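Hi,

Here is the structure I promised to pass on. Could you have a look when you get a minute?

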Amino acid sequence: MIIFHFRFSEQGNPALFFISCFFISLSCWLYHRCACYQPEGLTLFCNSVEQKIYVELNNMVPCVRLLNATHQIGCQSSISGDVGVIHVLESEANLEWVLSTGPNPPYMVILESALFTRSIMMKLKNGTGRVAGAAVVVSKTNPAEGFSPHTKCPNENTGVYSESYDPTMAHCNVTVWNPLGNGLSYEEFDFPIFSLNDDNDTEAIRQCYLGYNLGVNGSTPEYPLCAMQLFSHMHAVTDTATCMRRNDINFSINPEMVCDPLGDYNVWGSTKPLNNTAKGHKEGESMVIAATRLDSRSFFWDVAPGAESAVSGFVTLLAAAHALHNVTQEAHPPRTILYTFFQGEAFDYIGSSRMVYEMDHKQFAIDLDNVHSVVEIGQVGLRSSSELWVHSDPVSRRNNSINVSSLIDTLKSAAMNLNVTMSVPSFSQPLPPSSFQRFLRARPIPGVVIADHQSAFSNRYYESIYDKAANLNLTYPANLTEDEQLEFVTETANALADLATVVARALYKQAGGADAQLINIKAEPKIVTQMLYGFLVRSNNTWFQALVPPEFKNFLKPTPPDYYVGVSQTPSHARTPTRLVQYLLANLTGTTINITKENCHSQKENEQDTESKHLYSYVWVQGVASPNSTERQGFCVRSSVRLSKAVSPAFDLLQEYSSKDYSTWTESRWKFIKARIFLVASHDLEMLTLGVGVGILLSSLLLTYIISSKADILFSSGREPANATY
Amino acid sequence: MTAAVFFGCTFIAFGPAIALFLFTIARDPLRVIFLIAGAFFWLVSLLLSSLVWFITVQISNRDSAAQQKGLLIFGVVLSVLLQEIFRFGYYKLLKKANEGLLALSQEETMPISIRQLAYVSGLGFGFMSGAFSVVNILADSVGPGTIGIHGDSQHYFLSSAFMTMAIILLHMFWGVVFFDACEKQRWWALAAVVLSHLLVSCLTFQNPEYVGSLVPTYVIMFLMGVWAFCCAGGSLRNLKLCLTCKDKDFLLANHRPR
């Protein structure tokens, strides 16, 4: 064996050298791997060097890249993360340090939320090379002057008002709906922008900045300096057509996806069960659609509180549906009321355009001929005084064959005797951005949009991180427990309950119901306040827990859900708000039936039943625990509530990735989102280290050469050859 | 820019070792084999000590700082003793292997002397222990950050690299002295090697007072170097001869036919 090795190595001398190098590096690598991927508990011992260098910031939310048919928006870092010396911006004038005078570019700019304005961000955007990224410190209080990173004219190009429909009203010519919109959400930044939501993180950054980056008495600061690294590298580029094409390139067995279409699920339910298996026209059916939207967005990825822009509307509709439940069971009006909750409306009407497309192409339970009229609930949480505005489309109103005015009259009369006034804005004003516009695009249908604003939005934080509970004045007295807060009826809840009553009565009348029944229709403020608490303060509350299936309970969090639409998934992975609304609507409009859990899961009422699933859907909910046990008493709820896909037809149906009619928004994929702070050493120290290293290497090479060449003399004691002889 | 730190530290830590390897070992395949075998023996000793460490950490009380500190000292002492035991085991193995080599080779003399083996195996030990003590640090030196956000000294990388260089060279010297002591059965010299090894390892508890650990380590290294030089057959006379370039006569006088 040894001989073999010997002979082999006599010829393969360099090979052995490489083998030994390989062995050493392999074992080093293995050691490093093993040391750093040990089971939890030992990590404390293994990564201590990294812990000495980096402070990981865990609660930062990035701005991510979204793409549509023509553009990419959002932010991204380079693939290895962007590093910059931290600079806390004090005022707009202070930008000069970042953009020209500061001696250590690039800078990572920390902005107070008051400085997160368009002018500053655009200056940073144009100052690239000196700007490595930005982090926005989210303040707890909402900016008094309002803030909306959305555009001034939301969903400008996919609503009904195009040049062909009515050129005078296209592009918000008549009314600018969101005058505070600065359009930041639709800009593209080639550096990462994160939001800092955690006080500990903010404090760590501030301490590091104060400790290292402020020069003594205003002199230039000396190394080491505090720096931050942000990772948010996005895989997709250019536009949706490009990234969808790249999704289809399969070089490997596991195709690498670069972007996914935005989308989720619409929730719909009806007062009378509809056969959902038979698609297309339903003979003799006439439907009044009560619509609202489910989603919101903000500049940052998954913080979309959407209190006013989404929650106020869908809570009202849920309360109205609940109010109508008993009456429609006893005296069902001639027409059926269809409740629809559209997802992805912030991104060019994903949900409504999908449903209208399906109605148009006989893929939905009803078609557009079945639609009698549409009542949409827009943003309704912020009405000053008691006035609400009924918006309608001037073009339909001019067309006498479309009976808009009777619909408005119905609403007005429903509001009588209640402390809500329905007013009509000037007749020349078009519809605000609304899902109903997608119905109008398909065909002239009578419809109205109820909102709390006459012209421009009263929401001063439209599609921003500030559109949260505080924006709806949702405040609870101090020293209430969670359960007491859940039950506490707030002013906002009372106002929305009144509105829900009006909407419910109007829907009933519009559906042809008898006036005598109207008095029995009344929305409960308690239900409304519980919903507001669950959707805006804390989704993990006892009421929601009782109404959801057992497998969903882990999705309930001590925070409100996030209303960003996200990327499309299977129904069982639908977004939390979608499923919450689905279960709430099922509980509020459905009936409890006494069947086994197995039958409930397999959508049948008894073993032989194969028909019910066409009409109803069944949900097993966990229920409440009886007072003296911890075991919950689950039950089965039968309702007509279903999910329908809310993915733009441009993707799975048409594959027209540069469509001008349908939403083409996709979200880029990324590997990881990470942020950390650390110190950077001065260039001089680094060069000194390298210099010393090279010096030691060279001098030891020289010294060893001399010693080994003179080893004979050095190590000879006359008896034996020395250790390094040749 | 932090690649500069990485290469700087690598050169400092491994520069002398690489130079020694290139000029004295790489040319002789037999030495390369013994170097790698030595490195392997060191690895096995580390494996054993880490096993013990793993077990003791599991059964110890994680919350007691004093106990953890005691555990660390115990681990260091155990690891040093294990390393020296494996050095002795390697010596025994080499003695056997050398006899085998002698039986197989056509030449009369041994293809590699026990002194050369001492040096080669010592360097093998050094390479491995150096790699293991510095590779984590080198991996993090690539950046972008440097040590110090929690108030630690900025010279962490530099001093780690110098410490590693000292450890590698010390292992080489210890190997020479150790084998020589075994040959001559001078047990006090063995004890001196083990004790100095213990001392150097325990000096690292001085960190982050890098001066406090580096300076004594380099003093010990220098002393061990001198001792090893003597053990390897060096003497002041030889050094003088070498420095004054009177080697010609010397060579003639002591020339051995090859």
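Aromatic pairs first: over all chains of this predicted model, the count comes to 44. One of them brings together B:Tyr156 and B:Tyr210, with 6.3 Å from centre to centre and 65° between the planes, which makes the pair edge-to-face. B:Tyr156 belongs to helix H5 (residues 156-184) of chain B and B:Tyr210 to helix H7 (residues 210-231) of chain B, so this pair ties together parts that sit 54 residues apart in sequence.

Over in chain A, ring pairs build a cluster out of A:Phe116, A:Phe147, A:Phe189, A:Phe191, A:Phe299, A:Phe300, A:Tyr461 and A:Tyr466. The charged end of A:Arg676 sits over the ring of A:Tyr54, 3.8 Å from its centre, while A:Arg297 lies over the face of A:Tyr186, at 5.0 Å from the ring centre.

Now for the sheet in chain A. Eight strands make up an open sheet with mixed pairing, and going across it the order is E17-E16-E18-E15-E13-E14-E12-E22. Which strands stand at the edges? Those are E17 (421-423) and E22 (642-647) of chain A; each has a single partner strand, so one side of each is left without a neighbour in the sheet. On average, neighbouring strands are turned by 25° against each other, ignoring direction.

At the E17 end, strand E16 (residues 387-391) of chain A runs parallel to E17(A), and three bridges join the two. If you want to find that spot on screen, A:Trp389 has A:Ser423 in E17(A) as its bridge partner.

Helices pack here as well. Helix H10 (residues 350-360) of chain A packs on the sheet and touches E12 (263-270), E13 (287-293), E14 (336-342), E15 (371-377) and E22 of chain A. The direction of H10 makes about 105° with that of E22(A). Helix H18 (residues 576-589) of chain A lies across E12, E14 and E22 of chain A, and runs at about 5° to E12(A).

Cheers

Technical notes
Residues numbered from 1 in each chain as written. Chains lettered and ligands numbered in written order. Predicted model: local features only at pLDDT ≥ 70, side-chain atom pairs only at ≥ 80, totals over all residues. Heavy atoms only, no water. Pairing = 2+ DSSP bridges. Helix = DSSP H or I, 4+ residues; strand = E, 2+ residues; numbered from the N terminus. Axes fitted to C-alpha atoms, helices over the stretch in contact; angles between N-to-C directions. Contact = heavy atoms within 4.5 Å. Phe/Tyr/Trp six-rings, centres within 6.5 Å; stacked < 30°, edge-to-face > 60°. Lys NZ or Arg CZ within 6 Å of the ring centre and 35° of its normal.
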